[in-house]
Amino acid sequence: MSSIRIIDSSRRFGRRKRRRYTRLAVIVCLLLAGGLLLWSSPMEKEIQEKTIRQAADDARIRQGVVFAGWYDEHQEHLLQMDRVWQSYILIQRQFAEEEIGVESAYERLAELAELAAETEQIIRQEKPPLELEGEAYDLTAVIYHRTADYAKQLKLMVQETSRAAEGYCRSEEDAEAGVMSRRLREISVLLTPTALFTEKEVARLRELFRPER
């Protein structure tokens, strides 16, 4: 009987020993896993931050491409308005210097008024792209509205000058060339469009589309 007790006791001791080894192994594994987590966490964080930065840069590039396409068209509109302006100034100068008569001035002003109206219509159709987001869209909208308002004022100035020249052409009373020229210049002074300034908005947009480093 005593030998049996001894055998049973040794088995229980062996089980307790194995349990201690098992617990020790679990603790060691946990410590190793914790160490690996602590070691890999900064790396994973850096990778995540790099991925976020890359995604943000890609978004900026896409937004910049969209704006660049719109802005190219916008610059063409500015050139068209400048051509209207230069033609208007030329007609006024030639009429003032009596290089052309009032009839010729009216015909050219009437044609120019049509061109100014077409230019305004085209500009108003080229609205800010909906692909632009947030501040980029808001700034582009500012540029758009200012340009459209300028085009409208330019059109009105040419139209009113053309109407005044037409009135002189249809009048049965003769007016001196100097008087007519002065009247046309007065209209241009009264209706000259407010200067178009968009440099601040364009500069800010360039900052928005610049990738982070």
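**Figure 1. Salt bridge between Arg146 and Glu201 in the predicted model.** Arg146 pairs with Glu201, and their closest N and O atoms are 3.2 Å apart. The two residues lie 55 residues apart and link distant parts of the chain, Arg146 belonging to helix H3 and Glu201 to helix H5. Arg146 counts as partly exposed, at 36% relative accessibility, whereas Glu201 is buried, with a relative accessible area of 10%.

**Figure 2. Salt bridge between Arg204 and Glu135.** The closest N and O atoms of this pair are 2.9 Å apart. Arg204 in helix H5 (residues 199-209) and Glu135 in helix H3 are 69 residues apart, and the pair links distant parts of the chain. Arg204 is partly exposed, with a relative accessible area of 32%; Glu135 is also partly exposed, with a value of 37%.

**Figure 3. Salt bridge between Lys155 and Glu120.** The N to O distance between the two side chains is 2.8 Å. Lys155 in helix H3 and Glu120 in helix H2 are 35 residues apart. Both Lys155 and Glu120 are buried. Across the whole structure, 11 salt bridges are found.

**Figure 4. The largest nonpolar core.** This core has 25 residues, and Tyr88, Phe95 and Val158 have the most contacts inside it. Helices H1 (2-96), H2 (102-125), H3 (134-170) and H4 (177-191) each give two or more residues to the core, and H3 provides the largest share, eight residues. Beyond its neighbours within four places in sequence, Val158 is in contact with Val84, Tyr88, Leu109, Leu112 and Ala113.

Note on methods
Residues are numbered from 1 along each chain as its sequence is written. This is a predicted model: local features need pLDDT of at least 70, side-chain atom pairs count only at pLDDT 80 or more; totals for chains, interfaces and linings use all residues. Side-chain values use heavy atoms; hydrogens and water are left out. A nonpolar core is a set of buried Ala, Val, Leu, Ile, Met, Phe, Trp, Tyr and Cys residues joined through side-chain atoms within 4.5 Å. Buried means under 20% relative accessible area, exposed over 50%, partly exposed in between (1.4 Å probe, protein chains only). Helices (H or I, at least four residues) and strands (E, at least two) are DSSP runs, numbered from the N terminus. Contact means heavy atoms within 4.5 Å. A salt bridge is a side-chain nitrogen of Lys or Arg within 4 Å of a carboxyl oxygen of Asp or Glu.
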